[in-house]
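Could you walk me through this model in my viewer, one selection at a time? I would like to know what to pick next and what I will find there.

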Amino acid sequence: MLTPPEGASRWRRGHTGHMYGNDFAEPDDPGAGPLNAADGGAVEAAAAHVDTKSQQGLETFDAIIAADQRIEPRDAMPEEYRQTLIRQIAQHAHSEIIGMQPEGNWITRAPSLRRKAILIAKVQDEAGHGLYLYSAAETLGIDREELLDRLHTGKQKYSSIFNYPTLTWADCGAIGWLVDGAAIMNQVPLCRCSYGPYARAMIRTCKEESFHQRQGFELLWELMRGTPEQQAMAQDATNRWWWPALAMFGPRDTGEHAVTGGHTEQSMAWGIKRFSNDDLRQKFVDMTVPQAQRLGVTLPDPDLKWNAERGHYDFGEIDWDEFWRVIKGDGACNAARIERRVTSHQQGAWVREAAAAYAAKQRQRASAGAAGEGSAA
């Protein structure tokens, strides 16, 4: 049985009638904590960052990193740092555009015009996030077409969570609440990433992801106050998405797992990452459990309980065999996701060609105009 920390159960319903569900708790409710990691002011603080490396006379990569300043595209950087960023930003960008598919599948079947408008806005946002991130990656000297080719041929990965199917309408709520909530927990620290273009891309992304998480919470809120069938649908979606959401943070990388924890140690030394996978996962669990209690859903983990000594929730072991199996291509939707992405890319070739031709024509006209003005002078 869950025993929440004092005050965590004193949530009460707020203004859930707003179009995009921006308010869920009364401002004077002391028990209503932030709904996601973007609510605590960290994004605004990162946006207010002022680069002072010029004033400090910082010129070398190591000096800039040590001073917690930002590396910009024209700054000297180790090749390993550049390649690490390309890998991470590309995977992030790929996840945004592949992530359009699971919920895009429900746009035509949304139960109301309001829900349809919200879902269209959300899927459109994901496309924009991919655009920001591909643009950030290009500042590292790699072409977007090459990145997309690596995605289409399986040379680069995207978040494995998007290889799970969306079986019911409630899945759109669970994805918003859990998947986007986990994504925000991951992404808010990236607003302070040591690489400037990546950090700046995260500012707007986190603000929009906050809306995505809120609409998911509100969707489940309404279902849990509906018919028994709707409540069962919301609970079923929570059951299926809880564990994949926890696995989104990546393999364990602290304690005895630190040696096998992938890129964490070096990425943290470079200021690309600010927290370990395990720390972020714990923060997410601690924030989400009271929200589940408020919604009225049960998180599918018999080992989930408040640990007063640690000041955190204990939770069960993730099925890492399933995690790696899905990453390696054996998920329910791996093949379908890539097939649809490649088909869409091919079908959109004429749009890219038309845009390139128009841009070339505009440049040609601008050059001709400049030449004409020069002759007149």
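This is a predicted model: local features need pLDDT of at least 70, side-chain atom pairs count only at pLDDT 80 or more; totals for chains, interfaces and linings use all residues.

**Stop 1: a helix pair.** Select residues 196–224, helix H9, together with residues 277–295, helix H12. Their axes come within 10 Å and cross at roughly 35°. Now show side chains: on the H9 side you will find Gln213, Phe217, Leu220, Trp221 and Met224, which meet Gln291, Arg294 and Leu295 of H12. Colour this contact by residue type and you get 5 nonpolar, 2 polar and 1 charged.

**Stop 2: Asn277.** Stay with H12 and pick Asn277, which belongs to this helix. Is Asn277 buried or exposed? With a relative accessible area of 7%, Asn277 is buried. Its side chain reaches two backbone oxygens: that of Pro251 at 2.9 Å and that of Phe249 at 3.4 Å. Beyond its neighbours within four places in sequence, Asn277 is also in contact with Gly250, Asp253 and Thr264.

Stop 3: Next, select Cys191, Cys193 and Cys206 and display the sulfurs. How many disulfides are there? The count comes to 0. For Cys193, the nearest cysteine sulfur is that of Cys191, 9.8 Å away.

Definitions and conventions:
Residues are numbered from 1 along each chain as its sequence is written. Side-chain values use heavy atoms; hydrogens and water are left out. Axes are lines fitted to C-alpha atoms, for helices over the stretch in contact, and angles run from 0 to 180 degrees between N-to-C directions. Helices (H or I, at least four residues) and strands (E, at least two) are DSSP runs, numbered from the N terminus. Contact means heavy atoms within 4.5 Å. Ala, Val, Leu, Ile, Met, Phe, Trp, Tyr, Cys and Pro count as nonpolar, Asp, Glu, Lys and Arg as charged, and the others, Gly among them, as polar. A disulfide is a pair of cysteine sulfur atoms within 2.5 Å. Buried means under 20% relative accessible area, exposed over 50%, partly exposed in between (1.4 Å probe, protein chains only). A polar contact is a pair of N or O atoms within 3.5 Å; within protein, one must be able to donate a hydrogen and the other to accept it, and residues adjacent in sequence count only if both atoms are side-chain atoms.
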